[in-house]
Amino acid sequence: MLSARDIEQYREAGYIVVEDILDKALLSQARQVIAELVAGAAKVTAHDSVYDLEPTHRPEAPRVRRIKTPHINHPFFWQIARLPRLVGILEQLLGPSGVRLHGSKINLKAPHYGSPVEWHQDRAFYPHTNDDILAVGVMLDDMLMENGPLMVMPGTHKGPTYDHHADGYFAGAIDPGKIDLDFSRAVALTAPAGSMSFHHVRLVHGSAQNTSDRSRQLLLYEYAAADAWPLMGVKDFAEFNERVVSGEPGIVPRIVETPVRLPLPPSPHQGSIYENQTAAKNKYFKVREPA
């Protein structure tokens, strides 16, 4: 469980890192499952409901930058989403109403070409009636400066929800030239494999390209307080309730005045964040073309 100091850091800085949550057996199993899923990408030539592909992907040399909704596409990741120690931490950070899994993905940065993710806030993608919402980064590899770790801007969760649009359409990225943030002050969330990071839904974050010879596999879960309801609506009420991992489902949203922008109109390149961000005009992270 978190200490009072851990909780205070999360409240003030917008993030914490907790080491040694996944043991070696679970890490090994996660890597094996991911390797099998990536191998399956040899059968596809375009993005689909499971894979978001690197631009240089070829069936004979699969290159995957994201595995979509892993908690749906493999039962192992639903198991991890409900680990008692993880759920206990979430209960401490998200309050007494309970905890609901909002979504999941695995961002894969293979050696020498893993794609960057531009600065953004998760709240821009899925605004809710309150912002007791966070993302968990399950570190399946050692996170080092050279392999493109998650970078965060401490304290930005207390500020606005920034404009993530370009040419009037949602682009899923902040234009670094239009806001007053000193990105040189970003903090890299480096830690050993098996650690987990927790960052607030309004915290500005991004990550650089992996130019090292080490992989960077990051399993990401988004969790919301059970009384936080998505402003874009609930498509399947039964499925919505099935994602409650702590507490009981309810029908009374808690409404708190927080900065909100809607991800509308949708991106011309609607898809994962990688596809959305292709519309961004002014990018921060440099990309070295892979071999």
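**View 1. Arginine 202 meets aspartate 131.** Arginine 202 and aspartate 131 form a salt bridge, with their closest N and O atoms 2.4 Å apart. The term salt bridge here means a side-chain nitrogen of Lys or Arg within 4 Å of a carboxyl oxygen of Asp or Glu. Arginine 202 comes from the loop between β11 (196-200) and β12, while aspartate 131 comes from the loop between β5 and β6, so this pair ties together parts that are 71 residues apart in sequence. Strands are DSSP runs of E with at least two residues, helices are runs of H or I with at least four, and both are numbered from the N terminus. Are the two partners buried or exposed? Both arginine 202 and aspartate 131 are buried (under 20% relative accessible area; exposed is over 50%, and partly exposed lies in between, with a 1.4 Å probe and protein chains only).

A quick word on what you're looking at: this is a predicted model, where local features need pLDDT of at least 70, side-chain atom pairs count only at pLDDT 80 or more, and totals for chains, interfaces and linings use all residues. Residues are numbered from 1 along each chain as its sequence is written, and side-chain values use heavy atoms, leaving out hydrogens and water.

**View 2. Arginine 31 reaches aspartate 141.** Here's another salt bridge, this time between the side chains of arginine 31 and aspartate 141 (4.0 Å, N to O). Arginine 31 sits in helix α2 (residues 24-40) and aspartate 141 in the loop between β6 (133-139) and β7, so the contact ties together parts 110 residues apart in sequence. Arginine 31 counts as partly exposed because its relative accessibility is 34%. Aspartate 141, at 11%, counts as buried.

**View 3. Aspartate 167 pairs with lysine 281.** The closest N and O atoms of this salt bridge are 3.0 Å apart. Aspartate 167 lies in the loop between β8 (165-166) and β9 (169-170), and lysine 281 in the segment after α7 (273-276); the pair links distant parts of the chain, 114 residues apart. Aspartate 167 and lysine 281 are both exposed.

**View 4. An open sheet of 4 strands.** The strand order is β5-β12-β7-β10, with antiparallel pairing. Strands β5 (117-120) and β10 (187-188) stand at the edges with a single partner each, so one side of each has no neighbour in the sheet. Strand β7 (residues 151-152) and strand β12 (residues 205-207) pair in the antiparallel sense over 2 bridges; pairing requires DSSP to find at least two bridges between strands. Valine 152 stands opposite histidine 205 in β12.
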